[in-house]
Every structure is written in structure tokens, then in C-alpha cells.
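Visitor: I would like to go through this model with you, one question at a time.

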Amino acid sequence: MNTHLAQAYIKHMFTARNAHALHSPYLFQLYNEVIRARKNPAAAPIEELRSKMLRDDRSFDVVDLGAGSKAGLTQSREVKQLAAAVTVAPKYGALLARLVAFSQAKNILELGTSLGIGTSYLALAEGVHVTSIDACGNTQKVAHENLKGLGLSKRVELVNGSFDAALDDLLEDGKKWDLVYVDGDHRYSATLHYFQRLLPYLHEESILVFDDIYWSPGMTKAWDEIKADPAVRQTVDVLQFGIVFFRSNQLREHFRLRL
């Protein structure tokens with residue numbers, strides 16, 4: 001049992017607030033249309049795919065460069081194990097999809113493809129282009145199959161490699177990202193490193209989403225330091241995700257909200 005996560009869950013249950021705590025019209029609208037919204041019929045095919053993967057006995061070597069194992073360790077895993085352990089939960093996947101639609105994000109970056117479930121949610125909206133990076137080519141092959149089966153592969157570019165190596169190329173042209181979803185390398189130093197690396201390539205309306213902010217004391221420490229960064233105006237903590245906003249016309253505020 002992850003004691004740190006359990007303690008964070010209990011604290012969140014007692015301290016998370018609802019729309020009445022929000023004075024910003026932007027965040028009030030986001031709370032009602034994104035965080036508390038429930039309907040997302042477009043998610044049904046993704047969840048059917050998840051159910052299928054939970055019965056998939058195929059196995060292959062997985063490369064993990066982050067905190068999930070010793071850096072660079074290759075281990076054999078079954079698709080069903082990965083589907084159960086590392087894919088984004090349905091309610092948080094749907095939250096990603098609503099966040100993309102609400103913000104009208106078009107240029108989206110994902111750090112950590114895995115089997116492509118989170119990628120699929122990010123790619124649901126018309127007109128988006130998702131660039132997703134992962135060091136494991138074998139999991140990305142499954143992700144490509146999944147995206148193709150869902151009819152979303154044309155909206156997604158899969159990049160195989162370490163985050164740093166891939167970002168060297170992707171950030172070279174100075175293009176700005178509308179939304180970035182960071183779901184990999186859950187270490188304190190790495191999380192802060194990618195935050196600082198991405199900052200120059202975000203604009204005022206950009207949204208940055210960190211997964212697993214209570215995965216470990218190190219991740220929570222990184223989240224606290226991100227909240228304190230001068231470039232950050234507002235943050236929303238929904239337990240699993242930490243969502244960062246940079247809109248300079250907003251007061252500097254941080255919220256724990258019920259999902």
C-alpha cells in the first residue's frame with residue numbers, strides 16, 4: 001500500500017472544495033464544464049478497448065527510464081498487466097478530453113504514451129495534433145494499433161525515445177504548445193526538469209497537466225515547487241492530476257477541488 005498516497009487521499013477528502021470557493025469566472029466555468037461534468041459519450045470506444053486489453057495475454061519487453069523501475073531496466077510484461085497498472089483511469093481520461101475541448105487546444109504534447117489510452121482521450125477532439133513521446137517502442141506499437149482501431153491515428157504522432165532526446169528535436173523550432181500532459185518519469189528532479197524545459201514553449205493560455213502528483217513524497221515536493229514558480233498563476237489539484245495555468249490576468253491562487 002502506498003502510505004503517502006493514502007494520506008494524500010484522506011487530506012484531499014477533507015480539504016477539497018467545490019465551485020463556491022472559486023471567484024475567477026474562468027475557473028468557475030472550468031469547474032462546471034470540465035471537472036464536475038460527467039457525460040462523455042465519445043469515451044465509450046476507448047473504455048471498450050481498455051476492457052479488451054485487460055484480457056490481452058501478449059507479452060513483450062518494456063523499457064522504463066523513469067521511477068517505475070531502475071533506469072533503463074527491461075522487463076517482460078503482459079498487455080493486461082500494463083492496462084491494469086499504468087493506463088489513466090476512466091474518469092481522469094475523460095477529464096483530459098473535456099479539458100482539451102474546453103481550452104480548444106490544438107497543439108498537444110504528451111510525455112509518456114504507454115498503451116495509448118491517455119493519448120486517445122487527448123486526441124478525441126476534432127482538429128487536434130497530439131505528439132506523444134515514450135522510450136518503449138513495444139508499448140508504442142500497441143498504442144499505434146489502439147489509435148488506429150479507434151480511428152485516431154492520423155491525429156497522433158508517436159515519437160520513440162527518451163523525453164530529453166525527443167524534446168531536443170521537438171522544441172528546436174520554438175513552437176508553442178497549447179496543452180502538455182506529463183505522465184512519465186515520476187521523480188522529483190525529472191518533474192522539475194521537464195517543467196523548466198517546457199516553460200519557454202508555453203503561452204499564456206497553455207495548460208500543463210501533471211499526473212500522479214501524490215505518487216511519492218518527491219512528486220508532491222515537485223508539485224509544491226511548481227505551484228510556487230513565478231510563472232504559474234493558478235493551479236487546480238484534483239488528487240490524481242495537478243493542473244497548471246499561466247493566465248497573467250488572474251490572481252495567483254491554488255485550489256484543491258472535488259472531481
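Visitor: How do α2 and α5 lie to each other?
Guide: In this predicted model, helix α2 (residues 25-35) and helix α5 pack at an angle of about 135° with their axes 9 Å apart, where axes are lines fitted to C-alpha atoms, for helices over the stretch in contact, and angles run from 0 to 180 degrees between N-to-C directions. Angles under 35 degrees count as roughly parallel, over 145 as roughly antiparallel, 65 to 115 as roughly perpendicular and the rest as oblique. The two helices α2 and α5 are therefore oblique.

Visitor: Which residues of α5 make the contact with α2?
Guide: Contact means heavy atoms within 4.5 Å, and helices (H or I, at least four residues) and strands (E, at least two) are DSSP runs numbered from the N terminus. From α2 the contact takes Tyr26, Gln29, Leu30, Glu33, Val34 and Ile35, and from α5 it takes Leu95, Arg98, Leu99 and Phe102.

Visitor: Which atoms do the side-chain values use?
Guide: Residues are numbered from 1 along each chain as its sequence is written, and because the model is predicted, local features need pLDDT of at least 70 and side-chain atom pairs count only at pLDDT 80 or more, whereas totals for chains, interfaces and linings use all residues. Hydrogens and water are left out, and the side-chain values use heavy atoms.

Visitor: At what angle do α9 and α10 pack?
Guide: Tyr188, Thr191, Leu192 and Phe195 of α9 meet Gly218, Met219, Lys221, Ala222, Glu225 and Ile226 of α10. Helix α9 (residues 188-198) and helix α10 (residues 217-228) are roughly parallel, with their axes 8 Å apart and an angle of about 30°.

Visitor: How far apart are the axes of α8 and α9?
Guide: On the α8 side the contact involves Phe163, Asp164, Leu167 and Asp168, which meet His193, Tyr194, Arg197 and Leu198 in α9. The angle between helix α8 (residues 163-170) and α9 is about 0°, and the distance between their axes is 12 Å.

Visitor: Which residues have the most contacts inside the largest nonpolar core?
Guide: A nonpolar core is a set of buried Ala, Val, Leu, Ile, Met, Phe, Trp, Tyr and Cys residues joined through side-chain atoms within 4.5 Å. Helix α5 (residues 90-103) gives the largest share of this core, eight residues. The core has 83 residues, and those with the most contacts inside it are Leu208 and Phe241.

Visitor: What is the distance in space between leucine 202 and phenylalanine 246?
Guide: Leucine 202, in strand β7 (residues 202-211), is buried at a relative accessible area of 8%. Leaving aside neighbours within four places in sequence, leucine 202 is in contact with Lys176, Trp177, Val180, Leu208 and Phe246. Leucine 202 and phenylalanine 246 are 44 residues apart in sequence, while their C-alpha to C-alpha distance is 8.6 Å.

Visitor: Is glutamine 104 buried or exposed?
Guide: Glutamine 104 sits in the loop between α5 and β3 (107-111), and its phi is near 55°, a positive value in a residue other than glycine. Buried means under 20% relative accessible area, exposed over 50% and partly exposed in between (1.4 Å probe, protein chains only). At a relative accessible area of 60%, glutamine 104 is therefore exposed.

Visitor: What is the relative accessibility of leucine 239?
Guide: Leucine 239 lies in the loop between β8 (234-237) and β9 (241-245), and although leucine 239 is not a glycine, its phi is positive, at about 85°. Leucine 239 counts as buried because its relative accessibility is 12%.
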